[in-house]
Amino acid sequence: MIGCYATGMFPRPERLIAVTRAYDRKAATEKQLEEAFEIAAKEVLAAQSSVGFSHVTDGMLKWQDLLRPFAEHLSGVRPGGLARWFNNNTFYRKPLVTGDLKRGKPIVGVDSHIMPLPRTIAWKTILPAPYTFAQLSENQFCKDKTELMFKYAEALREEIEDLHRQGFEYVQLSDPALVYRPDGLSVSKDELAFVSEALKLAVAGLPVATCLQTFFGDFAAILPEALDFPVDHLGIDIYETDLERLKEYRFDKGVALGLVDSRNSLVEDSHKPAALATEILDAISGKSLNVYVCPNCDLEFLPWNWAKEKMQVVASVAELLRRQSNG
Amino acid sequence: MPRWLSFLGGSRTDKLFPTQEIGSLAKPTWRVKGFKGEKLSKDEIAEAVIWARRLGIEDVSELIKTLGGKDSAERRQAILEWSATLAIRLLETAGLDVVFDGEQWRSEMYEQVARNVAGFALLGLVKSFDFRYFNKAACKDTPRYVRSYYQDEFLFTKEHVERRVKVPFTGPYTLVDWSFNEFYEQQLNENIRDLRQRKFEARREFLFDLVKDVVRPELGMLVEAGASWVQIDEPAATTNPSDREMRLLVEVFNETVKGFNCTFSMHNCYSNYEVLAKYACELRGCSQLALEFANRDSQQLGTGSERRGFEKLALFEDHGYRGNYGIGVIDVHTDFIEPPELVRDRMLHAVSIIGDPSRIWVSTDCGLRTRSWEVSFQKLRNMVLGAELARRTL
């Protein structure tokens, strides 16, 4: 099976940006802002449907950053100071953990647009993975970040169960912190074992498809341990991964290949990422895997018009791979 | 005026703890709308007039005539000049020893360059955080110098200041880091198979072409026009904290300033100082590092453990940096007006770490563009007062 989808937050379309800026300087009302979000969510959904994505998200347009809904709505957590989002000129608010972390109420629903999601395409939701949440938080309560990771994983499971009840079939857990290693040191084997346990706590046995999506770093650095993670698919940022090392391993679970670069506006000729995907897939598994073609990270790093072009490339690469696969 | 305010007029910079601005001041509404050619309301004109009178500007009637006039190229230019004049006067009246024009001539530190260099194309807004965005450009071709983007502003400022001038200059590393690198990645597309290596080499080529063909020609123009101190602004300096990238930053800075008869400093803020400290001593010809500390610090008076925001300062010394410091004692992201005593304690704490007070300049954390002129003025005035208190204490 070869599918395609987005892997993170979408950029806000220009009209929405204009309203958010007006709102910021008190020149637009809450109602106007809400309406602008609704219109933009429909635009983002229409763009995904029209290029032929196999799964759609609501674009996460309201999310100020990947962690914000959890920082705002989990008990025991509140948004803290601004910090750099990995090696990007983008910032997030550090979740400040000051009490017993619990999911007292739905987390992402407040910031989501479920109503306009189409009934004919599978729904995908994107949530922070336990390791990334723990690493990027400022912990003032738990014994250590490992305890925090497990506390969060418990709350995450409840959230996923709720989202599944609402109709989401596919859950991506975003885990950039697991692979972003500017100091060149990989996560230790002991730590990877804890990551695996936390993932088990969050998703094992749930009736949804799951993907651990990594980006901004080298996926090969968490191999072979990642092959045993309790998820259905593993997401790989092709632009940051040692591909020769990656090709040394055999995968028996699906992959989400981040073949389209969200951090450069240069629009790829779809034949090139398709050829690269073929090379990787031939090495890691043959053609039996479930494969998703996707951007390497959030499309929000691009202005909206460029994000649309990149979505088209994602869909074209998937189509090329399907044709190859069908002989 | 109370007697203890009388030293605000001093302009010497050979004293201990000279005070300096870092770059931008907010652009008043009359500057923004007026430069767009829009008609100004009575209130907007009044705002300019009140500040002009408060700052002792002589030709207020000329200002009123300009702001109330019809849009024309001359009026737009006059509005730039008026906002620069008022900003300079604000900084000087606050008592700073080193000033510029609050970057009133510039659209924004990144956009000002991207708009004026061939090879860049502005693509649109991308999120910085929350509802804040920046206009991001792509490098579509080899960057080429077509016109000076700072010189006119510098010449005007030089003519209108009574204090020493420091020119804020957006650094090449930041320009490259904040741009999409279309051209060079495409150029190297087939030649380097490893995508990570390709991105790095493309970035490196972009950087050194930009330094050679744009940044150094602009610096040359400024130095020839009389600039004696240029502050290279590199807010992106530690965005990519790997050893390879930090070495690239150092190499680029050294190449940028090489051979000019001019004083250079570097400003960096909201960054990873553990990383920057390791490489700071390799910045050749960097007379001063202007860093942000107030944002990380408590608002309590005292030295020692109260000054938690300064814990990374010692790392620069530990790693062998021996240049001067611009110590950020004013937080630019809050309207809290730091009392002079807090400024004093921050300075004295910095002295306890660095040892030699003659290596310390007094700064805001960053430009004050997000604060109103009223808040900026009060903060700067207290910064000057606090520096004097520190001088008297030593």
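Predicted model: local features only at pLDDT ≥ 70, side-chain atom pairs only at ≥ 80, totals over all residues.
**Entry 1. The interface**

I began with the contact between the two chains. Chain A contributes 45 residues and chain B contributes 31 residues. I noted that chain A and chain B bury about 3,300 Å² between them, with 50% of this area on carbon and sulfur atoms.

I then looked up the charged pairs. Eight salt bridges are found across the interface of chain A and chain B. I examined one of them, in which B:Lys127 pairs with A:Glu300 and the closest N and O atoms are 3.3 Å apart.

Next I asked which elements of chain A each supply at least two residues of the side that touches chain B. They are the helices α1 (14-24), α2 (30-51), α7 (243-246) and α8 (271-284), together with the strands β3 (75-84) and β4 (91-102). Of these, α1(A) gives the most, with five residues. By residue type, I found that this side of chain A divides into 20 nonpolar, nine polar and 16 charged residues.

I turned to the interior. In soluble globular proteins, nonpolar side chains tend to be buried together. In this model the largest nonpolar core has 126 residues, and those with the most contacts inside it are A:Leu127, A:Leu173, A:Phe229, A:Ile238 and A:Phe251. Helix α9 (residues 304-325) of chain A gives the most to this core, with eleven residues.

Beyond its neighbours within four places in sequence, A:Phe251 is in contact with several residues, among them A:Phe219, A:Leu223, A:Ile284 and A:Leu289. I also noted a second, separate core of 114 residues, which includes B:Leu96, B:Met246, B:Val257 and B:Trp373.

**Entry 2. Backbone exceptions**

Most residues other than glycine have a negative phi, and most peptide bonds are trans. I therefore looked for exceptions to this pattern.

The peptide bond from A:Leu223 to A:Pro224 is cis, with omega near 5°. I located A:Pro224 in the loop between β8 (209-213) and β9 (233-237) of chain A.

A:Met60 has a positive phi of about 55° and lies in the loop between β2 (55-56) and α3 (68-73) of chain A. Is A:Met60 buried or exposed? A:Met60 is buried, because its relative accessible area is 3%, and the limit for buried is under 20%.

In chain B, the phi of B:Tyr270 is near 50°, also a positive value. B:Tyr270 sits in the loop between β8 (263-268) and α11 (273-280) of chain B. I recorded B:Tyr270 as partly exposed, with a relative accessible area of 25%.

Terms used
Residues numbered from 1 in each chain as written. Chains lettered and ligands numbered in written order. Heavy atoms only, no water. Contact = heavy atoms within 4.5 Å. Buried area = accessible area lost by both parts, 1.4 Å probe. Salt bridge = Lys/Arg side-chain N within 4 Å of Asp/Glu carboxyl O. Helix = DSSP H or I, 4+ residues; strand = E, 2+ residues; numbered from the N terminus. Nonpolar A, V, L, I, M, F, W, Y, C, P; charged D, E, K, R; others polar. Core = buried A, V, L, I, M, F, W, Y, C linked by side-chain atoms within 4.5 Å. Buried < 20%, exposed > 50% of the residue type's maximum accessible area, 1.4 Å probe, protein only.
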